[in-house]
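Here is a friendly briefing to read alongside the model. Please keep the sequence and the 3D view open as you go.

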Amino acid sequence: MLSSTPDHLDIRPRRLNAALPDPLPRWWLGNDPFRTHFFNAMSVLFPDGEQFFIDSVRHFRDRVTDPALAQQIRGFIGQEAHHSREHIEYNQRLRDLGYDIDALERPVKQRIRWIHKNFSPERQLAATVALEHFTAIMADTVLRHPHWLADADPEMRRLWRWHALEETEHKSVAFDVYMQVCGDRRMLRRAMRLSTFFFLRDVTIGTLSMLRRDGQLNLRTWWRGMRWLWGKGGFFRHLLGAYRDFFRRDFHPWKHDNSALMHQVASEYSDALVR
């Protein structure tokens, strides 16, 4: 299958030139506990999740013969490694505020160990492809519609936009590797269904845990949060069309061509590129 990845795609990691707030504002997103903890709960998943992504792609690196894709793999690994480090620091800020991050990370670590033991390398890569699509469509929404983070602490907004930019840049790397070494679309679709279940479950559990710690786990907060996610114009409602496209027989991540948006946002971080 011919790849839809843009020619001359330059995937290079960036280092943020500003530290995270210390201490982290408790409700750094619009003074809203639900919205803040929704993003915090995703951060909890990233250090272990992104190491899993790196490992699953790296396993097949020696089977990639296309020089351009080989270069993109190096960029992908570099970017994901930087994301993991930033979110380790971010999650430590959450620990400092009293949230039980270790309890939230523990089942993620256990699940990844189980997957390493019981899933083939191809199936692990399929899971990476599925979750990379999930993160890519969320990244596109964050970048395309700045209002989602408009009332965030400035440094936290910068971190999440940086992460979204790099998820956009490397959104096809795992997919292109998978199609070269395996290409089983049915396995991809099964991986997406399973990955969706665990992603939504983990984020929900993390959000509930942090709301409970703040004394904000009540019907009013939860109802407002569900409207923000699933109501008319809600965050997840924005993702549904792009999510469903993953199940098309001709799907490729760059069929959603947001390269112009990517280049526009990249100019905000030109000083952070790793030379």
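Helices α1 and α5 pack with their axes 13 Å apart and at an angle of about 45°; axes here are lines fitted to C-alpha atoms, for helices over the stretch in contact, and angles run from 0 to 180 degrees between N-to-C directions. This is a predicted model, in which local features need pLDDT of at least 70 and side-chain atom pairs count only at pLDDT 80 or more, while totals for chains, interfaces and linings use all residues. Residues are numbered from 1 along each chain as its sequence is written, and side-chain values use heavy atoms, with hydrogens and water left out.

**α1 against α5**
- The two helices α1 and α5 are therefore oblique to each other, given that angles under 35 degrees count as roughly parallel, over 145 as roughly antiparallel, 65 to 115 as roughly perpendicular and the rest as oblique.
- Helices and strands are DSSP runs numbered from the N terminus, with helices being H or I of at least four residues and strands E of at least two.
- The crossing of α1 and α5 is left-handed, meaning that the near helix is turned anticlockwise from the far one by less than a right angle, whereas clockwise would be right-handed.
- On the α1 side, F39, M42, S43, F46 and E50 meet W160, H163 and E167 of α5, where contact means heavy atoms within 4.5 Å.
- By class, this contact of α1 with α5 divides into 4 nonpolar, 2 polar and 2 charged residues; Ala, Val, Leu, Ile, Met, Phe, Trp, Tyr, Cys and Pro count as nonpolar, Asp, Glu, Lys and Arg as charged, and the others, Gly among them, as polar.

**α5 against α10**
- Helix α5 (residues 154-169) also packs with helix α10 (residues 259-266), at an angle of about 140° and with axes 10 Å apart.
- This pair, α5 and α10, is therefore oblique, and its crossing is left-handed.
- From α5, R161, L165, T168 and E169 meet M262, V265 and A266 in α10.
- The contact of α5 with α10 has 4 nonpolar, 1 polar and 2 charged residues.
- A266 of α10 is buried, with a relative accessible area of 16%; buried means under 20% relative accessible area, exposed over 50% and partly exposed in between, with a 1.4 Å probe and protein chains only.
- Leaving aside neighbours within four places in sequence, A266 is in contact with R14 and L165.

**The largest nonpolar core**
- This core has 86 residues, of which W28, F38, F39, Y90 and W160 touch the most other members; such a core is a set of buried Ala, Val, Leu, Ile, Met, Phe, Trp, Tyr and Cys residues joined through side-chain atoms within 4.5 Å.
- Helix α1 (residues 33-58) gives the core its largest share, 12 residues.
- Not counting residues up to four places away in sequence, F39 touches W28, L29, Y90, L149, W160 and W228.

**Helix α6**
- In α6 (residues 173-181), 8 of the 9 residues are buried, including F175, D176 and Y178.
- Among the elements covering the buried residues of α6 are α1, α2 (67-96), α4 (121-144) and α7 (185-213).
- After α6 comes G183, with a positive phi near 85°.

- The D22 to P23 peptide bond is cis, with omega near 5°, and P23 lies in the segment before α1.
- N31, in that segment before α1, has a positive phi of about 55° although it is not a glycine.
- N31 counts as exposed at 57% relative accessibility.
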